[in-house]
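Here are some notes for a colleague who is meeting this structure for the first time.

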Protein chains: 2
Amino acid sequence: MPNPTAAMLVIGDEILSGRTRDANMHYLAGELTKRGIDLKEVRVVSDDRGAIVAAVKALSGGYEHVFTSGGIGPTHDDITADCVAEAFGDQIDVRDDARAILQARYDASGQELNAARLRMARIPDSATLIDNPVSGAPGFTIRNVHVMAGVPSVFQAMVASVLPGLTGGAPLLSQSLRIDRGEGDIAGPLAELAEAFSDLSIGSYPFQQNGAYGANIVIRGSDGARVDAAMIRLRELFPA
Amino acid sequence: MPNPTAAMLVIGDEILSGRTRDANMHYLAGELTKRGIDLKEVRVVSDDRGAIVAAVKALSGGYEHVFTSGGIGPTHDDITADCVAEAFGDQIDVRDDARAILQARYDASGQELNAARLRMARIPDSATLIDNPVSGAPGFTIRNVHVMAGVPSVFQAMVASVLPGLTGGAPLLSQSLRIDRGEGDIAGPLAELAEAFSDLSIGSYPFQQNGAYGANIVIRGSDGARVDAAMIRLRELFPA
């Protein structure tokens, strides 16, 4: 059975303007790979209602799971929750269960649950909450879309809350070999190897270091014996 | 006149598997912002023909410029050039102008222009070449799509070759203020500020540092006097 598929939607003008470098994509990619869920696509869109709604619809229809990052805080530019509700035609308002979580949190810290903070309790009617042990305000899952915060520490905590509930696949095994030769020198034999092991994914990732070219060859598959066999052949082709 | 819009397409299994952290998105975002070209969307897809062709079609139809990164090297998994040709219904084969560039490069370094390297001279018929002063093998522009390498040093050199030829817009000016208070405390006044300066983009980017919450408020616009005025009001609202 093929592994479950997933997509990620990153919401944030600050990434598209180059002000901030996204960290959540790389984190989520690693966590999903460990669980045998194949991340097939990532989209980054701006804090724009039309763009977010369209992306949620497209990705939730195309993949088994969608993970979103960003835009669920208390400020005026946090519009993700409302956009996700709109994408599914669901109602959204402050929900009692989410409000209770926030109330307990702010009572404990002596802060006021003001109107802005209460926006973080806006949850679509049909969603289930995602636990946020870091800062309280929950994320939520609606259908196959998991809506999470953009602050990396909170995003990571929410991913840890969501993943155990998802059915994973066979973890993708990978082995890699660094070859300090230009890709042009190794491409021919490598293509033959890829053909002989067409059940595996064999990728060549070039790099440049101190003016010299090289490539990391990564062999991926769910059958460990096959990956081992391909690696042995790869080392024979390109002895160190 | 509104600024030109752009999208980026990153091609690479290694990013979706979490093996490599993408660096080109952040770089391109910063360069486009400086030139007044608005990056509106980024997509990351795997080394899959159908996924690449569909993304090229969607993005080239939706934005004024599309920049792609990755998949134009000499190995079997480098399929971007062929996919872009397919997306536009163009023919692709080894082209004399690209072959001449490679031949000169490899003659100079005493390396052989073998069959694998010759794949890097596969250029769609209607494309124009993008100069690559770093490693020789050119990128290309076809219609509104600029096809570039994934290795960051080469990607950056190609961006430098392409951008001077594009019409930019009014550079987006931005100023920011760090506020060491939780977003929930500042969201109310901030929303009023955003309403009073609705011609500007006012974003709040929360962070967590040493257990305390804060936010960077970023005010963006092309009218420097308006950005200044909004910053003055922002500092009045939240004195240090």
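**Notes on the model**

1. In this predicted model, the C-alpha centres of domain 1 and domain 2 of chain A lie 37 Å apart. Domain 1 of chain A covers residues 5-165, while domain 2 takes in residues 173-237.

2. Helix α9 of chain A, residues 224-237, is made up of 14 residues, and the distance from its first C-alpha to its last is 20 Å, close to the 20 Å expected at 1.5 Å a residue. Its buried residues are A:Val227, A:Ala230 and A:Leu234, and because they cover an arc of only 65° around the axis, they are on the same side of α9(A).

3. On the face turned away from the buried side, α9(A) carries the exposed residues A:Ala225, A:Ile232, A:Arg235 and A:Glu236.

4. Turning to the two chains, 47 residues of chain B are in contact with 47 residues of chain A. Among the elements of chain B that each supply at least two residues to the side touching chain A are α2 (24-35), β2 (38-45) and α8 (183-196). By class, that side of chain B has 19 nonpolar, 18 polar and ten charged residues.

5. Strand β2 of chain A, residues 38-45, is joined to β2(B) by five bridges, and the two strands run antiparallel. As one example for checking in the model, A:Glu41 has B:Val45 as its bridge partner in β2(B).

Definitions and conventions. Residues are numbered from 1 along each chain as its sequence is written. Chains are lettered from A and ligands numbered from 1 in the order in which they are written. This is a predicted model: local features need pLDDT of at least 70, side-chain atom pairs count only at pLDDT 80 or more; totals for chains, interfaces and linings use all residues. Helices (H or I, at least four residues) and strands (E, at least two) are DSSP runs, numbered from the N terminus. The expected span of a helix is 1.5 Å times one less than its number of residues. A residue is buried if 20 or more other C-beta atoms lie within 10 Å of its own, exposed if 12 or fewer, and partly exposed in between; C-beta atoms are placed from the backbone. The arc is that of the directions from the helix axis to the C-beta atoms. Domain bounds come from an automatic or database domain assignment. Two residues are in contact if their C-beta atoms, placed from the backbone, lie within 7 Å. Ala, Val, Leu, Ile, Met, Phe, Trp, Tyr, Cys and Pro count as nonpolar, Asp, Glu, Lys and Arg as charged, and the others, Gly among them, as polar. Two strands pair if DSSP finds at least two bridges between them.
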